Every structure is written in structure tokens, then in C-alpha cells.
Amino acid sequence: MNKLKFRSRLAKDKALLWAVCFLAALTAVPLFAILGEVFLRGYDQLSWSFFTEPTPTAYKAMKAIEAGEPIPGGIANGIIGTMIMLGMAVVFAVPVGILCGAYLAENPKKRFAQVVSYLTDLLQGTPSVIIGIVVYIWVVVPMKGYSAIAGSVALFIMMLPLIIRSTEETMKILPASLKEAGLALGGNNARVMLKVQLPAAFGGIFTGVLLAISRVIGETAPLMFTALGCSFIRFSIDKPISAVPLLIWEFFNDPNLQELIWGASLFLLLFVLTLNLTAKYLAKKWNQ
Amino acid sequence: MNDKLYRIILFVVALIVPIVCGGVVYALVTDAYDAFEHFGFFKFLTSSEWSYTEGSERYGALPFITGTLMTTLLALIFCIPFSLPVALFVGEYFRGTKIAAVLSTVIDLLAGIPSIIYGLWGFYTLRPIIMALNISSQGSGVLTASLVLAIMIVPYAASLSAEFIKMVPNDLKEGAYSLGATRAEIIGKIIFPVAGSGIFSSYVLAIGRALGETMTVTMLIGNTNNIPESITSTGNSMASIIANQFGEADDLRLSSLIAIGLILFLITVFINLIGKIMIKRARIV
């Protein structure tokens, strides 16, 4: 009887181990399924012209389909739009985010800092579609039109909490002796921050920025109400502009352009995953 | 730069966060006001009509609140049997090994995939499977959306749960081992009771993620403005109705959509707040 009970306990133990391994392995399947599908369906669309030409009109695409030719054009308008909006968002979000993070790390006990810290979490948890609505109300309505500026404001708001958090967390794990040594050498707080703490925290902050970029670059919903989209290459920031995820959404909804979905998705996916892996690699390297 | 100026600069920059948050709330409330005033707050919440024929416009949020709650709840149910094993794999069984590092990288990458690509995959791969299995004829619906949503929230639930599983003190586990407990018994009788509240809080935060997910749900839920009758029928979530109609809406419909946005915002903030408080409590224990 005792032996039987012992056996069943061991059997349960084994069963749990196998179940955990099996289910954990199964969880990895979607990543490879998605990567595989996007890669297999998208790789033959990637060509030089895919990156240098703007999206074709539905009419042109229809003609090409009728003639049995591949759809002309590419996603250059989206790539340039993404770069412009992301560039503007990064230029503002990085300094503001670093300074906010520094403030939080310097004054962990202050009531106001705790409020800011909580609100940063709140902002980070806000659904991106709501950021889109709010920026529509803030920027698009007063400016009387969709614009790259509005899109970049939306991206800015989404990047900000990510950069604040990563800066704060990196600065908090810096040894206190570092700051004290700087102060002992006669530097004031500002100088120690600029010359000692920020350089020491550079690795963590940099990876945080990379991750923030990879988070927002695929955002579609907020850009739908702010940047709107545009079918030709444009450099002005006060007019509607396109972005790669917006183009994917457009292709998804337009039966004539559906062939272009996978090339655009492959480009976006490769970009995001490369950024992610680079950030992870750098974080590991700098931590050693 | 002297110290005083430095402090002032930091303080002023930090003010941006409260200003942005206040601006978010202010913009949502003022622009949602019309809809609440026109229909009445509770009437708006409980009405299931959504018709925009001119002259007899009627908007209510109930179908979309139901849609959001259904997709989120189902996604949570589908997510648990996968995220919990991943957390145990990374945090207990293969803790600190290379294979655990590989799995957590895979899970991290899963979190990095843009939601529109999840939507595409769901639409072109999962939807045909659901149609072939005869679960629903059109393929899209609450079930399809929740399945993909579940994959999307697994990384959030798993990585945080793993962290709490790792924090279970070794003495407790060693004590149980010395009494002859098997690993399965340790997990059931030591790890879950000790890390339970932390694991629970990681699911609360995962819910917070799922509530506001927009593109995936928009592409898969079927976009009909009625209360879903069953899990295989079509519907709309709060986020997906906004994504679908915001661009073409004006006046009362725009205000109603913003009101739905406000409700979604409040629900998300509430869930996230609960999650954060629970995490803080779990960390202290």
C-alpha cells in the first residue's frame, strides 16, 4: 500500500514535469509560426523598388493584377513617414524622459515624485487607442487637419513612460558611492549628474530607448487618428503622412493591395525583432 | 549650473507627466460630456443600441463593454494554461539554465511583435483553421480574437509570474525536500501558496493589457455592433469600435466614441491600479 502511494506520487511528479515542458514548448510555437508565415509570404516582395517607391493607387494595382504582373511600387512613403514621426518623437522623448527619470531617482521619498511615478505607470498602461483620441482632440482639431506633428505627439506620449522607467531603474542601481565620490571631488549635483551618473547609466538608458522605439514603431491605432496616411512620399510635418503600420492596415482593407501586406509586415517585423535582440544583447554586455 | 537651477529644471521637466495625464483626462471628459448629457450617463452605459440614422441617433456602450469583457476574460482563460508552465519552466524547473534563457528570449520577442501583425496572422492562419473546424462559419468572432489576444498577453503574465516564483525562499523548498516531498508537491504546497498573490497580480496586469488591445481585436472580432450571443459570434470591443468608426464620426457619434474611450480608460486605470497595489503587497511578503 505504502509503496503504491509512493509510486503514484513519483508518477505525478513526472507527469507535471512533462506537462510543464510540453506546454512551455507549445508557447514558443506562435512566434515561429508568425515569423515563418510572414517570411515565406513576404520575402519575394522585398526588392530595391519596394523600399524606394511609394504605394501604388488601387487603380494601378488593379491593372497590374489584371495583366498578371506583380503590383508596382512599395512602401517608401511609409518608411519615410515612420522615420520623420519617430525622429521627432525621439528628439523630445529622450531628453524629457531622462530628466524625469533622473528626478525620480534623485528624490525617491518626495511626495510629488511618488505621484509622478504613479502617473508614469498610468500613462504606460493607457491603451494606445486612447492616446490616439486624446492627441486628435489636442492637436488635430486645433490644427484643423491630420499631420505628422500629431502622429509624433502620440508616439512621444507612448515612449515617455518607457524611457522614464528605464532611466529611473538604471540610476537607482548605480552604487551610491559613485555619486558621493563625485560630490567629494567638489562637483555639485548637476555636474555629478552630467559627468558621472548619466555616463555610468548610459548603457541602461540606451537599451531603454531602443526598446521604447521598438514598442511604438508598430503602433497603428494612435496613428490612424493623427497621421491618417498619405499615398505619396512627403516631407512636410504639417500634412497627413503615412507610416509602415498604417500601410499594412491600408493593404489589409484594400483587396487590390493585399499582395503588399506581407512585404511590409516582414520589414516591420524584422526591424522590431532586431531592435529587441540588439537591446537585449547590449543590456547583457553592459551588465557584465 | 548651480544646484538650485538644476533642481528647478528637473522639477519642471517632471511636471510634464502630471500635465499629460491631466490633459488626457480633461480632453476625454470634456469631449465625452455631450454624449453623457444627451443620453444620460447610466442610460449610455446600459443601452445596447448603436444606430446612426440621421434624426434618430442612438448610441449605447453596452455591446462594446460586453465585447471587451468577453474577449478579455476568454483571453485570460486561454492564457493561463500556457503562461503558468512557462513561468514554472523559467522560474523553477530550469531556473538559470541556458534553455530557460532561450525560452525567455522567445517570450520577450513574442511581446515585441506589433499587434497589427498578430491580427494578420490571426486573420490569415487562425481564421481558416476555425472555419475548417466548423466552429463558426465566418471564422472571425469573439473566440478568434480572444485566442490571439491570449498569445499576446502570455509574455506579460509569464515573465512577472516567473519573477515571483523565483523569489520563493530556498529554505522553505529545502525544508520540504528534506521531508521527502517531490517537486510537484513543492510546487503545489510551497510555491503556489507563497508566490500565489504575486502570480495573481501578474494576471491582473495581463488583463490590463488585453482590455485596450486594439488592432488585433479589430481585425478578428467581426465588427458587428450587437451584444455577442455566444463566444463564437461576432461583436465589437470598446477599442475596436473606436478604431472602426472614429475616422468617419462627427458630432454626437464622435462624442459617444470618446465616451467609450473614457470608460475604457477608467476601467484600464482601475485594473492597473489594483494590479500595482497587489504587486507591492506581494513583494513585501
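Trainee: Why are α5(B) and α7(B) called oblique to each other?

Mentor: Two packed helices are described by the angle between their axes and the distance between the axes. In this predicted model, the axes of helix α5 (residues 98-112) and helix α7 (residues 142-166) of chain B come within 8 Å and cross at roughly 135°. Axes are lines fitted to C-alpha atoms, for helices over the stretch in contact, with angles from 0 to 180 degrees between N-to-C directions. Angles under 35 degrees count as roughly parallel, over 145 as roughly antiparallel, 65 to 115 as roughly perpendicular and the rest as oblique; α5(B) and α7(B) are therefore oblique.

Trainee: Which residues make the contact of α5(B) and α7(B)?

Mentor: Two residues are in contact if their C-beta atoms, placed from the backbone, lie within 7 Å. α5(B) supplies S104(B), I107(B), D108(B), L110(B) and A111(B), and α7(B) supplies V154(B), P155(B), Y156(B), A158(B) and S159(B). Seven of the residues in this contact are nonpolar, two polar and one charged. Here Ala, Val, Leu, Ile, Met, Phe, Trp, Tyr, Cys and Pro count as nonpolar, Asp, Glu, Lys and Arg as charged, and the others, Gly among them, as polar.

Trainee: How are the residues and chains labelled, and what pLDDT do local features need?

Mentor: Residues are numbered from 1 along each chain as its sequence is written, while chains are lettered from A and ligands numbered from 1 in the order in which they are written. Local features need pLDDT of at least 70 and side-chain atom pairs count only at pLDDT 80 or more, whereas totals for chains, interfaces and linings use all residues.

Trainee: How many residues of chain B are in contact with chain A?

Mentor: 64 residues of chain B are in contact with 65 residues of chain A. Helix α2 (residues 16-39) of chain B gives the largest share of the chain B side, 10 residues. That side has 46 nonpolar, 13 polar and five charged residues.

Trainee: How many helices and strands does chain B have?

Mentor: Helices (H or I, at least four residues) and strands (E, at least two) are DSSP runs, numbered from the N terminus. Chain B has 12 helices and two strands.

Trainee: Is Y146(A) buried or exposed?

Mentor: A residue is buried if 20 or more other C-beta atoms lie within 10 Å of its own, exposed if 12 or fewer, and partly exposed in between; C-beta atoms are placed from the backbone. Y146(A) counts as buried because it has 24 C-beta neighbours inside 10 Å. Y146(A) lies in the loop between α6 (128-143) and α7 (148-173) of chain A.
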